[in-house]
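Dear colleague,

Please find below the sequence and structure that I am handing over to you. My notes on the findings come after them.

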Amino acid sequence: MQRSLLKYRVGLGVIGLFTLAILIIVLLQASATKQDQKTFNAANNIAEQLNNYTYNGVAPDSLSQAGINNVPSTISYHKMTAYTYYFCAKYKLASTDFSTSSIAQNIVMRGIGVSAGSNNAPNSPTSLPDLEIDPTHHKGWNCETVDLYNYNTTTPIYNSQ
Amino acid sequence: MDNESSSDYQEPENRPSHFTPPEEADTGFSPAPPPPHHHPHEHHHDEHHEFHPHPSSPPAPPTPFLEPLPTHTAPSHDFAQAPPPPPAPAPPPANVIPQPVVRVLSPRGVEYVFMAIALVTGAIGLVSALLAIVNGNHSFSVLYFPLALLLVAVPVFSGLFLRLKQAELLDPSARLDASKRRTTQFLQISSFFICFFTLIGFLATVFAKVSGTYTGSLVKVVLDVLVILLVAGGILYYYWNDEHKAN
């Protein structure tokens with residue numbers, strides 16, 4: 001009887017090993033993900049305070065001048081002119097909007113005859129010269145330039161490793 | 001004359017046509033129908049043997065349907081045409097307490113339902129993790145939920161599956177357990193549905209790619225379809241074989 005159960009034990013063991021490998025991958029990324037989440041939260045807080053300060057129409061010389069202290073090393077600020085500044089945040093991992101459920105769902109739904117809606121609407125350019133932290137980011141430094149008086153400017157993301 | 005005919009024989013309107021009054025059934029003799037003293041306008045009613053009182057006479061109260069008494073043993077002409085009554089159920093023994101019949105799973109059937117839940121959950125986790133890997137995306141945010149599914153579902157499924165498989169090897173009649181078959185047939189139908197529409201979806205994607213309306217990578221779609229077919233098709237293949245072996 002043990003022999004007839006052996007093949008099932010082997011198959012379940014393979015799935016168990018696969019689960020273990022996924023566990024290791026996830027655990028290895030856990031600390032980096034936590035660090036990136038801290039960076040993102042800090043960048044959001046700083047952006048809010050910075051936007052409050054630049055409401056006066058000038059960019060601060062430094063973050064401390066805007067009353068922002070305890071800035072993590074993964075965030076940098078550089079004043080370019082009196083009205084423009086450069087803000088960067090460094091992430092250890094790239095973010096993703098990948099969804100496994102949507103992939104499987106799209107294939108099966110296409111089989112049923114329901115077309116999956118595509119979200120290809122272009123992003124409208126921001127009309128406000130505010131610093132906005134994008135949750136989608138690359139690995140490494142992600143920077144954007146803010147021009148306080150250029151209302152038509154977009155907020156490009158630069159990636160410098 | 002109409003009043004006379006109505007007093008001779010009155011058949012209630014809600015009585016079935018095959019019914020014979022008890023006094024007639026007792027004798028086994030049906031009296032001759034009353035003579036045709038009818039108004040010319042009621043001629044068509046005679047053909048159907050229906051009673052229609054005279055408009056001037058008061059309407060007769062409806063008579064409730066009377067079941068034949070159980071003592072009526074002599075068959076009449078009408079009863080001979082009716083289907084035989086069902087046999088009376090035998091009285092239960094004095095020591096047997098009647099119990100209401102409730103549809104429940106067998107004890108093994110409950111375990112099969114648990115196993116099916118773990119199997120479906122684990123299959124979703126496995127497919128999600130494999131899809132993430134074949135699409136080159138193995139970041140924490142993508143893998144943590146499939147991992148949680150696998151970490152719970154795989155041990156639970158393994159334990160239940162091996163336990164039930166062992167029980168089936170010891171007692172082959174357990175393979176024909178109705179509760180088990182209901183669960184495994186649900187799994188077969190579900191996995192067949194997924195495989196079936198995945199294949200259709202794959203062909204639809206290929207056609208969309210040929211026509212240029214789909215701009216994604218066809219290789220990734222092939223890999224995605226293979227992953228889904230591997231897991232759902234594996235479940236279908238196993239339980240299909242298992243059920244047909246049992247039969």
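Predicted model: local features only at pLDDT ≥ 70, side-chain atom pairs only at ≥ 80, totals over all residues.

Let me begin with the disulfide. A disulfide is a covalent bond between the sulfur atoms of two cysteines. The count over all chains comes to 1 disulfide. A:C88 and A:C143 form this link, with their sulfur atoms 2.0 Å apart. The angle about the S-S bond is 115°, and the link is right-handed. A:C88 belongs to strand β2 (residues 84-91) of chain A and A:C143 to strand β3 (residues 140-147) of chain A, so the pair ties together parts that are 55 residues apart in sequence. Both A:C88 and A:C143 are buried.

Next comes helix α2 of chain A, which covers residues 100-112 and contains A:R110. The 13 residues of α2(A) should span 18 Å at 1.5 Å a residue, and the end C-alpha atoms are 19 Å apart, which agrees. Among the buried residues of α2(A) are A:I103, A:A104, A:I107 and A:V108. By contrast, A:R110 is partly exposed, because its relative accessible area is 22%, and buried means under 20%. A:R110 touches residues of chain B, namely B:G201, B:A204, B:T205 and B:Y214. After α2(A) comes A:G113, whose phi is positive, near 110°.

Finally, in chain B, helix α5 (residues 107-134) and helix α6 (residues 140-170) pack at an angle of about 145°, and their axes are 7 Å apart. The residues of this contact divide into 21 nonpolar, 4 polar and 4 charged. The crossing of α5(B) and α6(B) is left-handed.

Yours sincerely

Key
Residues numbered from 1 in each chain as written. Chains lettered and ligands numbered in written order. Heavy atoms only, no water. Helix = DSSP H or I, 4+ residues; strand = E, 2+ residues; numbered from the N terminus. Buried < 20%, exposed > 50% of the residue type's maximum accessible area, 1.4 Å probe, protein only. Contact = heavy atoms within 4.5 Å. Axes fitted to C-alpha atoms, helices over the stretch in contact; angles between N-to-C directions. Left-handed = near helix turned anticlockwise from the far one by under 90°. Nonpolar A, V, L, I, M, F, W, Y, C, P; charged D, E, K, R; others polar. Expected span 1.5 Å × (residues − 1). Disulfide = S-S within 2.5 Å. Lists of a residue's contacts leave out its neighbours within four places in sequence.
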